[in-house]
Amino acid sequence: MKIIIDRFEGNFAVVEVEGSNNTIDIPLEVIPEKAQPGDVLCIKIDREATQKSKNEIEKLMDDVWED
């Protein structure tokens, strides 16, 4: 999915979802630091990072519930 930065308002970036006329506000802390209006950002699923996160959580849970 691609989003296009339309503008910045306060602590948010107003972005347009590519292929639609819909805009959404996204907190600036999830926008790359040097992004500017007009920049296209790609949102994708990182399966490797997802699996790593699941494994870490599972290990923490095992440690908590271990007898």
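Modeller: Happy to start with turns: which residue takes a positive phi in the hairpin of β1 and β2?

Biologist: Gly10 does, with phi near 60 degrees, and two residues lie between the strands of that hairpin. Bear in mind that this is a predicted model, where local features need pLDDT of at least 70 and side-chain atom pairs count only at pLDDT 80 or more, while totals for chains, interfaces and linings use all residues. Residues are numbered from 1 along each chain as its sequence is written, and side-chain values use heavy atoms, with hydrogens and water left out.

Modeller: How should I read a strand and its pairing, and how many bridges join β1 and β2?

Biologist: Strands are DSSP runs of E with at least two residues, numbered from the N terminus, and two of them pair if DSSP finds at least two bridges between them. Here β1 (residues 2-9) pairs with β2 antiparallel over six bridges; Ile5 has Val15 in β2 as its bridge partner.

Modeller: Which residues does β3 span, and how does it run against β2?

Biologist: Strand β3 covers residues 23-27 and runs antiparallel to β2 (residues 12-17), with five bridges between them. Phe12 is partnered by Pro27, and Val14 stands opposite Asp25. In a regular strand the side chains alternate between the two faces of the sheet.

Modeller: What does the turn between β2 and β3 hold?

Biologist: Five residues separate these strands, and Gly19 in the turn has a positive phi of about 85 degrees. Ser20 is also in this loop. Look for polar contacts there (N or O atoms within 3.5 Å, one able to donate a hydrogen and the other to accept it within protein; residues adjacent in sequence count only if both atoms are side-chain atoms). The Ser20 side chain has a polar atom 2.9 Å from the backbone oxygen of Val17, and that side chain reaches the backbone nitrogen of Asn22 at 3.2 Å.

Notes:
Helices (H or I, at least four residues) and strands (E, at least two) are DSSP runs, numbered from the N terminus.
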